[in-house]
Every structure is written in C-alpha cells, then in structure tokens.
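Please find below a note on the model under review.

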Amino acid sequence: MSYSNILLEEVNGIGTIKINRPKKLNALNVETIRELHEAFKYCNDKKSITVIILIGEGEKAFVAGADISEFAHYDVEKGTQLSAKGQKLLFDYVEQLSTPVICCINGFALGGGLELAMSCHIRLASTNAKMGLPETSLGVIPGYGGTQRLTQLVGKGRALEMILTAGMIDSNQALTYGLVNHVTTLEELQPLAEKIASKIQNNSPSAIASAIRAVNAGQDKSLNGYEVEISEFGKCFGTEDFKEGTTAFLEKRKAKFNGN
Ligand code: COA
C-alpha cells in the first residue's frame, strides 16, 4: 500500500512509522488517521516485525494535534462521530496491538498528538519536546482518549491541571510526571528507541502479547485485571515460546523464540 502522509520502513525486525506532514506540524487529519491504522495493522500482522517505532517527520513536531481545519465546522453529531471513529481506528487500536509500540516524541505532542503518544506502550521524548492537551482553549475537550489516559499516567490532579489550563509541559516535567520514560537529545532519540526495541526482541513475542493484554486489562473497568493475568499466565504454558524459553535456560543457551 502507498501512503500520502506517512513513511514506513522495516529494518532489523523494527517497523518504523513516520508521520510525514511537517508543513502542518504532522497534524492528524482523517486521511492520516486512516493511513496510520493501515500501517499499524500491516506491522502488527507481519511476523518479521516484532517492535514498532512511531515518530514525527522533522525537528519541530511529533504531532501538533488533530487537524483543526477539518473539524472547525462540525456539529454535535459529526463531533461525536469524529471522536468515536478515531478512538476505534487508531487510539484504542494501537493500545491493544500485540506488537509493542515505542513512541518517539520529537517535538510538539499536543492534543491528538499527545493522545496518540499515550496510546503507545512506551514513550521517549527529546529535550525540545513540549506536551499538552490544549483542547479547552479551542472550546472542546480531548476526544481521543486523553481525559482517560492522561489521568491513568500522571494522576487526576496533574491531568486536570494540564487539561484545564491548556498549558504545555517540557520533557523534563513529563519525565517527573511519569508521562515519558526517558529524555534524550533529538539526535539520540530514535537510536534510544532502537536500543530498547532490541532488548524487547530478545524476549518471547507471545509472552509480550500476553503481558500487554494483562496490563491493559487493569485499565478496563469491565474486566478484572488479576483474572486476565491468571488466564494469560496459564495460556503461556501451552506455547512453543514457553517450551523454548525454559529449555534454553536449563541448557544454558540463548532462547530462539518463534512467537508461537
Ligand atoms: N491543525 C491544523 N493545522 C495545524 C495544527 C493543527 N493542530 N497545528 C499546526 N498547524 C499548522 C498551522 O496552521 C500552520 O499552517 P500554515 O503554515 O498553513 O498556516 C503550520 O502548521 C505551522 O504552524 P504554526 O502555528 O505556524 O507554527 P508555530 O511554531 O507558530 O506554532 C504551535 C506551533 C504548535 C504552538 C501551533 O501550531 C499550535 O498551537 N497548533 C495547534 C495546537 C493545538 O491546539 N492542538 C490541539 C488540536 S485539538
């Protein structure tokens, strides 16, 4: 498939998706959201890709939000649809992928941009990054899961301060908040993501998928995370990866996982 708004490459089992609308600070229009869905699906379905990295093109922005020019004239019904469709197609979809996604926040991550970063499993930021949910300054609220995921990641008080002030925080504050795991220079950002990816690649893809499901279950009020953990733990005992991992340990060799 060819894309107009994103770039996709696979190197060493890492699928790197780059959002490529730098003139619009990589703002998420409907077409980019659809293309991102396709690219994430492609990477997740491809067996040779075991980690996905997401980054924005350029040195200024990861994503400066949903494309304001697209929704400025929407009514209540269209606004509701925009949020519901976006959450299903991209934000919930990314969070629930079995392939881990590392997000490189390489500049502004605002509104839908921060919401997309928060849907990813691991976040890193460059020193120039700025993060915020400025929607209330536009007369709207975060609609791609931001009110929920920011609260889960940084706590209610900090989330409400960020949302109600519509302000931005820098990467060091984001690190203190636990919103990102690491901060580094712009040049070192993608290499750091690749280093973390290669550590993940030593481990069992089927166990990694189970771990993501169990951790996500804890955030889902309709599920009991502990029960899901028991079930996912049990399922691991039926996988080839479990046999390989435990056998390799006992034979004092490095495991070679096939993800089954
Ligand atoms: N939607 C649509 N276009 C956007 C955009 C967005 N969320 N964010 C930036 N752009 C566009 C600008 O309109 C401008 O396009 P133009 O050159 O055709 O006029 C271009 O990207 C560059 O942005 P600009 O505002 O000129 O850059 P800046 O350095 O002066 O400011 C920001 C950077 C991020 C502070 C500013 O662009 C901004 O506030 N963006 C909106 C952030 C936001 O509210 N996001 C939440 C949306 S729900």
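The points below go from the whole chain to single elements.

1. Basis of the note. The model is predicted: local features need pLDDT of at least 70, side-chain atom pairs count only at pLDDT 80 or more, and totals for chains, interfaces and linings use all residues. Residues are numbered from 1 along each chain as its sequence is written, and side-chain values use heavy atoms, with hydrogens and water left out.

2. Overall form. The chain holds 11 helices and 10 strands (DSSP runs, numbered from the N terminus: H or I of at least four residues for helices, E of at least two for strands). Its radius of gyration is 19 Å, close to the 18 Å of the globule rule for 260 residues, so the chain is as compact as a globular protein of that length. The radius is taken over C-alpha atoms, and the rule is 2.2 Å times the number of residues to the power 0.38. Along the principal axes, the C-alpha trace spans about 60 × 40 × 35 Å.

3. Of the 260 residues, 44% are buried (under 20% relative accessible area; exposed is over 50% and partly exposed lies in between, with a 1.4 Å probe and protein chains only). Among contacts (heavy atoms within 4.5 Å) with a separation of 6 or more, 69% join residues 24 or more positions apart.

4. Helix H6. Which residues of H6 are buried? In this helix, residues 156-165, they are Ala159, Met162 and Ile163. They lie on the same side of H6 because they cover an arc of only 95° around the axis, the arc being that of the directions from the helix axis to the C-beta atoms. The face turned away from this buried side carries the exposed residues Gly157, Leu164 and Thr165.

5. Surroundings of H6. The buried residues of H6 pack against helices H4 (112-119), H5 (146-154) and H7 (171-177), and against strands S8 (130-132) and S9 (168-170). Just after H6, Ala166 takes a positive phi of about 60°.

6. The loop at Pro22. Pro22 is found between strand S2 (14-19) and helix H1 (30-45). Pro22 is partly exposed, with a relative accessible area of 37%. Its C-alpha atom is separated by 9.5 Å from that of Asn5, 17 residues apart along the chain.
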